[in-house]
Structure formats: structure tokens, C-alpha cells
Amino acid sequence: MVRISIKPFEIKDAEMDRLKRELKGNMTKVLAIKLDVEHYGKLTQQQMADALGITRMTLYRWKVYDYIFEYELERQHELRSEHYRREYRKLSDRRRVSASEILGDAAYLRMALGLSN
């Protein structure tokens, strides 16, 4: 069995400092972006709002009406996508999986010899 290990995305300290500066020190907004990006697809909007101590409607308003929050959230999602793109590229460059590893030795031998099951 081939084991795949990919580092999960985490917002770096320098990015966190930049977010704090851009969002004028509003730590709730900074943490909302961090939760959204690092736990993408794992938390509902309600769960995020509960964890931050705000209403779901407040989170919605930030995403729709606060253009700085919206821009920073999109930027962090792009960084996240780039991180996983690099991780998958490293994985594919590092190791090419052979047919024998996928099929198993016996099945590969049958295939190579042209034998059917």
C-alpha cells in the first residue's frame, strides 16, 4: 500500500502579522480568516461563528460587505491552493508509482505475460 503524506496548510506568522495590520487589529476577523482557510470544508458557517463568539449573520456581512476582509480571505485561499499544488507536485516528482505496486505482484505478472484470470 502506498502511503501519501501531505503537510496541511497553516497560515504563517508573517501572514498573521500582515492580516492583523490590514484588518486594523481586529483579532476576531483575523481568526475568522484563519478558521475558514485552515479548516476549509470541515466547519459550517454556524460552527465558525460559534467558535468566534459572533453571529452567523455577522460572519456573512464581513464576507459580503467588508471588502478588506473579502480580499484577505480570498488571498489566503489562493495561498492555500498554491500550498497544496506545490505539495502534490513534490509528491508526484518524488515518487512514480509502478503498475506492480498498484496491481500487486501476481496481477502484474499475469498482465505482463498476457494471461487472463
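Leaving aside neighbours within four places in sequence, Leu-19 is in contact (heavy atoms within 4.5 Å) with Ile-11, Val-30, Ile-33, Glu-72 and Gln-76. The model is predicted, so that local features need pLDDT of at least 70 and side-chain atom pairs count only at pLDDT 80 or more, whereas totals for chains, interfaces and linings use all residues. Residues are numbered from 1 along each chain as its sequence is written, and side-chain values use heavy atoms, with hydrogens and water left out.

Within α1, Glu-15, Met-16, Arg-18 and Leu-19 are buried (under 20% relative accessible area, with exposed over 50% and partly exposed in between; 1.4 Å probe, protein chains only). These residues lie on the same side of α1 because they cover an arc of only 160 degrees around the axis, taken from the directions from the helix axis to the C-beta atoms. On the other side of α1, Asp-13, Ala-14 and Arg-21 are exposed. Just after α1, Lys-24 takes a positive phi of about 55 degrees.

Pro-8 lies in the segment before α1 and counts as exposed, at 55% relative accessibility. Again leaving aside neighbours within four places in sequence, Pro-8 is in contact with His-83 and Tyr-84. The C-alpha atoms of Pro-8 and His-83 are separated by 8.7 Å, although the two are 75 residues apart along the chain.

Methods
Helix = DSSP H or I, 4+ residues; strand = E, 2+ residues; numbered from the N terminus.
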